[in-house]
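Okay, thanks for coming, everyone.

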Amino acid sequence: MSYLAITDLQKHYDSYHALRGINLSITEGEFVVFVGPSGCGKSTLLRTIAGLESSTGGTIELDGRDITELASSKRDLAMVFQSYALYPHMTVADNLSFALRLAKVPDEEIKEKVRSVSASLQLDPLLERKPKELSGGQRQRVAIGRAIVRQPKVFLFDEPLSNLDAALRVQMRLELARLHKKLGTTMIYVTHDQVEAMTLADRVVILNAGQIEQVGTPLELYRKPNSRFVAEFIGTPKMNLMPVDSVVRDGETLNLKLLNSQVDFPANRLPGQLPSSVILGIRPEHMSIVPEGGQISGVVELIEHLGSEAYAHIQLGSGQTIIVKASARSELQDGQAVNLLIDEAEVILFNENDRVVSVIPEEA
Ligand code: ADP
């Protein structure tokens, strides 16, 4: 059952149409991540849910109640910002208890709540410190703790980790995942980082120019993108895209002709009409460098060694460079000619409008 229901939500900033009819249903306890390129409307959507921006159309319902016009403070939501927004003159303990004191919660209850949150976020040794005496990660933990004591129905996170260095970001990401498991509270999280989205989310909402491009589990979006936008946004390095010169139907097989060679594709994986122009998509991990055979060939431009794996940048005859996952112990040399084997089962086809026109076979 839908816990948070967003229906045809619109937001105009004067003449600028920032949210263009958002429809989204979130179930209780879900961890949902909004992701997309800068300016796509992620923060606007989160802030509109929070009541920090007013919508210009549509409705937001939380737990059966229409909250569209409700003041932010009455929505039973708690927001955690990138900037922490802690009170600088208050200790950690006072920052944690502030909202409860404001709400005139009895002292004993406040103490108990602060004690419990402080223990679960390992803030005990820091309770008497002021924010300026804390590291970035510690400040962010206090900001999260301050949201938790209020026991909101939904937590809203606006790029909470983007001010932290890379190592701390990974650590805080794990802490957030653990926290979500423990609390079981619905969480909505905004990030521009697709890795963060993929690792944290039960479901990812990909936004593009004020609209939802696709919603799905991280694996669904990775395996079954609907569009080129999603295919290129999810996965690092990016999916390789190569224009197909022509397609010849040969019984049950489509022969995709490109780069003076041919990739076979089962005709039954194309649900509709053959598009007038076709682009072939294949992820770097679904190609391999083989001593002989393969469908296409190229020349090694450079090898990126990442330790556990390597990525070979291969220049094709067309001049285009694609990326192929290679063995960590790869001894490929720059300038070396190589044959590339495409795993035909993993090929995705796009039409001239960048929509996916192939279906991925279900895994056995
Ligand atoms: P994101 O969080 O995805 O980077 P935002 O939601 O912040 O994007 O912004 C979406 C679009 O709305 C952007 O084009 C931005 O310039 C515009 N926008 C955001 N806030 C305002 C505002 N207060 N006034 C006018 N335009 C705004």
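Start with Glu346, which forms a salt bridge with Arg223, and the closest N and O atoms there are 3.0 Å apart. By salt bridge I mean a side-chain nitrogen of Lys or Arg within 4 Å of a carboxyl oxygen of Asp or Glu. Keep in mind that this is a predicted model, where local features need pLDDT of at least 70 and side-chain atom pairs count only at pLDDT 80 or more, while totals for chains, interfaces and linings use all residues. Residues are numbered from 1 along each chain as its sequence is written, and side-chain values use heavy atoms, with hydrogens and water left out.

So where are we in the protein? We have domain 1 (4-226) and domain 2 (240-350), with bounds that come from an automatic or database domain assignment. Their C-alpha centres lie 40 Å apart. Four residues from domain 1 and five residues from domain 2 make the contact, meaning heavy atoms within 4.5 Å. Across that interface, the rule finds one salt bridge.

How much area is buried between the two domains? About 370 Å², with carbon and sulfur atoms giving 42% of it. That's the accessible area (1.4 Å probe) that two parts lose on being put together, summed over both. On the domain 1 side, Tyr222, Arg223 and Pro225 lose the most area to domain 2, together 96% of what that side buries.

Now, pockets. The largest pocket has a volume of about 720 Å³. A pocket here is an open set of points on a 1 Å grid over the protein atoms alone, where a 1.4 Å probe fits, with protein on both sides within 12 Å along at least five of seven lines; lining residues have an atom within 4 Å of a point. The volume is the space filled by probe spheres set on the points, which are joined across faces, edges and corners.

There are 28 lining residues, and Leu77, Ala78, Met79, Ala99 and Arg150 lie nearest the centre. Two or more residues each come from β6 (77-81), α2 (92-102) and α4 (136-148), and β6 has the largest share, five residues. Those labels are DSSP runs numbered from the N terminus: helices are H or I, at least four residues, and strands are E, at least two.

Last stop: the second largest pocket, with about 210 Å³ of space. Its lining includes Lys113, Phe155 and Thr185. Both α3 (107-120) and α5 (166-183) supply at least two residues, with the largest share, four residues, from α3.
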